[in-house]
2 protein chains.
Amino acid sequence: MSMKESLKRLSQIKRLIRVARGLERADLVIKNAEVVNVLTEEIYKADIAICEGLIAGVGSYSGIEEIDAKGLYAVPGLIDAHTHIEMSMLTLSEFARVVVPRGTTAVVADPHEIANVLGKEGIKLLLEESKHTPLRFFCMVPSCVPSSPLETSGAKIGIEDVEELLKYENVLGLAEVMNYPAVLNCDDETLSKILICDIVDGHCPKLSGNDLNAYVAAGIESDHESIELNEAKEKLRLGMRIMIREGSAARNLKALKDLAGNRYVMLVTDGDRDVVDLLNEGYLDYVFRRAIEEGIDEIKALQMLTINPAEYFRLNLGLIAPGRFADIVLLKDLRRFEVSKVFVNGKIPEFKKYNYPEWAKKTVKAKKISPKDLEIRSGKVRIIKVYDGEIVTGEVVEYVEGIDTSRDILKAVVVERYGKGNIGKAYVKGFGLKRGAIAQTIAHDAHNIVSVGASDEEICKAVNRVIEIQGGIVVTDADKFLELKLEIAGLMSDERAEVVADKLKRIRDKIKELGCKLKSPITTLSFIALPVIPKLKVTDLGLVDVERFEVVDKN
Amino acid sequence: MSMKESLKRLSQIKRLIRVARGLERADLVIKNAEVVNVLTEEIYKADIAICEGLIAGVGSYSGIEEIDAKGLYAVPGLIDAHTHIEMSMLTLSEFARVVVPRGTTAVVADPHEIANVLGKEGIKLLLEESKHTPLRFFCMVPSCVPSSPLETSGAKIGIEDVEELLKYENVLGLAEVMNYPAVLNCDDETLSKILICDIVDGHCPKLSGNDLNAYVAAGIESDHESIELNEAKEKLRLGMRIMIREGSAARNLKALKDLAGNRYVMLVTDGDRDVVDLLNEGYLDYVFRRAIEEGIDEIKALQMLTINPAEYFRLNLGLIAPGRFADIVLLKDLRRFEVSKVFVNGKIPEFKKYNYPEWAKKTVKAKKISPKDLEIRSGKVRIIKVYDGEIVTGEVVEYVEGIDTSRDILKAVVVERYGKGNIGKAYVKGFGLKRGAIAQTIAHDAHNIVSVGASDEEICKAVNRVIEIQGGIVVTDADKFLELKLEIAGLMSDERAEVVADKLKRIRDKIKELGCKLKSPITTLSFIALPVIPKLKVTDLGLVDVERFEVVDKN
């Protein structure tokens, strides 16, 4: 692990040495902690001396400030090896305020949501914000913005953007290469992006056999999409790092738990921790408890959240040892991960609100729509079928003469929001709304305005309200609106997590009241526009047959 | 692991992908091998497809060339994480010819012997030679040349040399920081060298407690000097990589074997494989067998010689997986490490002699000496005491009036060989020579001419002969000479390993015949001049008291 990142000045290293030797008092000593060593898999009592934000020594020390940690376990701060902060609907600062006190002190994030809206400037915004929060924020440069030519995004991340962003501190490599067909088909731009990055994350659900070999041989080193043990095992055998995803919706730990103990295996959220769950259940602390629930040994569970990601990303973290960043969590109870205190850079973290610039709050450039914009051919049509809890869709073909709630045939529309004004329309089955509409600017990956509703009028009302508030989630029910403003890039709220969670709960209750039986209708709706996940989708360009990889109906 | 080192061209990665997908035939396919997976700790049958020198895929493949490996185990080429090539007395090319066919395909070398003689030009010479040998040669820049101001070396490696050498391909970081007092005392130059290197090896025998914490906090990441389990465990707990040394003389595996299985633990030779043992017993293949003998599981033993060093040094090696260098060893028997075939870069390696430039063969600039140069005060004197098999010396004080073989009081002299002409002299006990003398240009670390003899005349004869042949080992017995020329920097022979081993055996027999009962008199003599290992030593500057760290008698 390079010390460069942590030790930049000779004076700093000298002080660290003197403190470690006991010749000078440390800034802070955590006394008598039960140190959990995730490398040797031992727990022993020791003092942890901290100075210059780093661990100087583990042994017997005295400090200018001392904290008695008798009976408390000291574990390294938890690291999420793969997440998307924007999916929390919180700003990075607010996200940090929620997760850091629960023991997560570092994330490796793929900011590809904001990148689809604001391009590299959006990524730089997060990098800038990260300087003002105690959460250690590492960034992978999104590899697939836009997701495909089948939708209109707000920006593109090209090879020259990747090059530019790699020069920023804490930018580690290339984020999940979702476009695996591009890799397999030797697409020049995709391969060039891979070649210039030191660390390259993957994303290859169900890829197997020779094609998987090719994907790995191309230089892609990790995957977080395995849902079955055999799938993950095949990838691991080929030297891929396996990130086991355990989130609010995607729950792969049960199936993959046998991989615990392998150095190439990590636990990640993939951004899939709903803000309500975040507040109620926790973040990686919750994931750790899930691992314990599945019968995984405490230290092996910790390894997947500390030293394993630290080794992969070459971070000076993940172990309570001299020279590493003093990101330490004190626990009252190890198995329950009951946090007593958290230190980042050897300090009790402080949280501030970050003020986003106005340009990041003015991202919805669409014009208001009216019912005649939503006209759609009737007759025998291909209808999108959504399934509860899945992002994959199916297809049914039925004879349709407009919205018909009695047969659960609703309309889904996607309104381009970056100034082009395209509107894509399709019929959809599965939402179950009896009245009202939902519209939102969370619509993977381009994050246009997506809406589903029981009438054209309601859809228009919802969409137009989203435009008015410059992004967010709106539910209409006749004359009533319920809304959650997501003014930052149309993805994140400027409010506190508790407020966001509360509004979200009300919106969900309302959606249920409107007749929808889906567990996570907002999530389901957000994926209806993603044209790289099978099978039938709708983007601003029209109805997309993902398997044929083309727009099949522009309506 | 960065792919940069292996994949430089888009055309190369494209071919790799096509071969992996099975769309093109591989250059070579190793069919039906029992693949030993050191990551998942499994063994399974598969084909290994190779193209562009890399592994394209592990699965089912066909190739332009195919080799049937039915019944053979395929393991990754072994990696020595810490060695000194010069100590074999062979050129790198000749060393490679001996070790590669035995399954060692990569070494991480600290060329600090040649650096003491020829400085950075000597290191560049090895780097240049390495391009012409199939052995993968990674280099750590020597951190402590000269070892101390208490001897005269041929060169100095300063901070600017470290900076220059780091730019060379395959130079990975800073070699063992032996001068741990300099670290603990915050020496500017030492700390500056550490700060500019990504990977920093350590060397800290018996360092413990707070001082060990300080040494680690300074950014030093490994140690190969542990001889007791508790010592190694303390270091490992602090996050140090433990290199277990198992050589011809230093044998630490028995004591440290319990550490096998930890990802931070490696097996190394530290250069301590005598050429005779190399030919008779092997190199890392021998070390592997020793591990098996000690009851270590085969795959855990392999991990310490493959994936563990590869992870530490971030090498695209150590695992049979797509995208990694195709350095593969086929074994008839796994536990006995019986080699059938070795591939480096996917090819059967070929070996050539490397022709060293003349300037590297003219390094002994000393003038011939005569007995009057060796005059030494008589009376009550401090006498160096050597112990069999140890590099630490002791001290006895006796009344002396010149060499007295009946009391085993001989003379040891060090003749500076870089043009200054200093001669250091001392009495020594423990060699047991009854007649004759030994002189050699292997004399850690400065590699001046060191000699021990039963008379001043014999010492002069031996030293002068060493000067005549421009380096090597000479034994005199009255009018007879036995010699091994080490013309390259006075350290390495230009001859084949078998010839070197044969001459060395004769020299050893002769030394025994002269009355010496030491197991390794040449090694013992080579360390008598090293002023950083306790207790009493002799350098070209005189008698050195290592604990006082000064020349105590210039005679």
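This report covers selected helices, strands, salt bridges and single residues in a predicted model.

Residues are numbered from 1 along each chain as its sequence is written, and chains are lettered from A, with ligands numbered from 1, in the order in which they are written. In this predicted model, local features need pLDDT of at least 70, side-chain atom pairs count only at pLDDT 80 or more, and totals for chains, interfaces and linings use all residues, while side-chain values use heavy atoms, with hydrogens and water left out.

Helices (H or I, at least four residues) and strands (E, at least two) are DSSP runs, numbered from the N terminus. Helix H7 of chain A spans residues 209–217. Its buried residues include Leu212(A), Tyr215(A) and Val216(A). Buried means under 20% relative accessible area, exposed over 50%, and partly exposed in between (1.4 Å probe, protein chains only). Contact means heavy atoms within 4.5 Å. Within chain A, the buried residues of H7(A) pack against strand E9 (171–177), helix H5 (180–184), strand E10 (199–202) and helix H8 (229–237). From chain B, helix H1 (10–21) and strand E3 (54–59) join that packing. Just after H7(A), Gly219(A) takes a positive phi of about 110°.

H1(B) also meets helix H6 of chain A, residues 188–195. The two axes come within 10 Å and cross at roughly 110°. That makes H6(A) roughly perpendicular to H1(B). Axes are lines fitted to C-alpha atoms, for helices over the stretch in contact, and angles run from 0 to 180 degrees between N-to-C directions. Angles under 35 degrees count as roughly parallel, over 145 as roughly antiparallel, 65 to 115 as roughly perpendicular and the rest as oblique. On the H6(A) side, the residues are Asp188(A), Leu191(A), Ser192(A) and Leu195(A). They meet Leu10(B), Ile13(B), Lys14(B) and Ile17(B) in H1(B). By class, this contact has five nonpolar, one polar and two charged residues. Ala, Val, Leu, Ile, Met, Phe, Trp, Tyr, Cys and Pro count as nonpolar, Asp, Glu, Lys and Arg as charged, and the others, Gly among them, as polar.

**Salt bridges**

A search of the whole structure finds 122 salt bridges over all chains. A salt bridge is a side-chain nitrogen of Lys or Arg within 4 Å of a carboxyl oxygen of Asp or Glu.

| Pair | N to O distance | Separation in sequence |
|---|---|---|
| Arg15(A) and Glu52(A) | 3.6 Å | 37 residues |

Arg15(A) and Glu52(A) meet in a salt bridge. Arg15(A) lies in helix H1 of chain A and Glu52(A) in the loop between strands E2 and E3 of chain A, so the pair ties together parts that are 37 residues apart in sequence. Arg15(A) counts as buried at 17% relative accessibility. Glu52(A), at 27%, counts as partly exposed.

Glu164(A) is partly exposed at 25%, and Lys124(A) is buried at 17%.

A network of salt bridges links Glu246(A), Arg251(A), Lys254(A), Lys257(A), Arg290(A), Glu293(A) and Glu294(A).

**Strands of chain B**

An open sheet of three strands has the order E11-E12-E13 in chain B, with parallel pairing. E11(B) and E13(B) stand at the edges with a single partner strand each, so one side of each is left without a neighbour in the sheet. Two strands pair if DSSP finds at least two bridges between them. Four bridges join E12(B) to E13(B). Ile244(B) stands opposite Leu267(B) in E13(B).

Strands E25 (542–545) and E26 (550–553) of chain B run antiparallel, joined by three bridges. Asp545(B) stands opposite Glu550(B). Their hairpin has four residues between the strands, and Phe549(B) takes a positive phi near 55° there.

Gly122(B) lies in helix H3 of chain B. Gly122(B) counts as buried at 0% relative accessibility. Gly122(B) and Ala360(B) are 238 residues apart in sequence and 7.8 Å apart in space, C-alpha to C-alpha.

Glu375(B) sits in the loop between strands E15 and E16 of chain B. At 54% relative accessibility, Glu375(B) counts as exposed. Leaving aside neighbours within four places in sequence, Glu375(B) contacts Lys411(B), Lys425(B) and Asn555(B).
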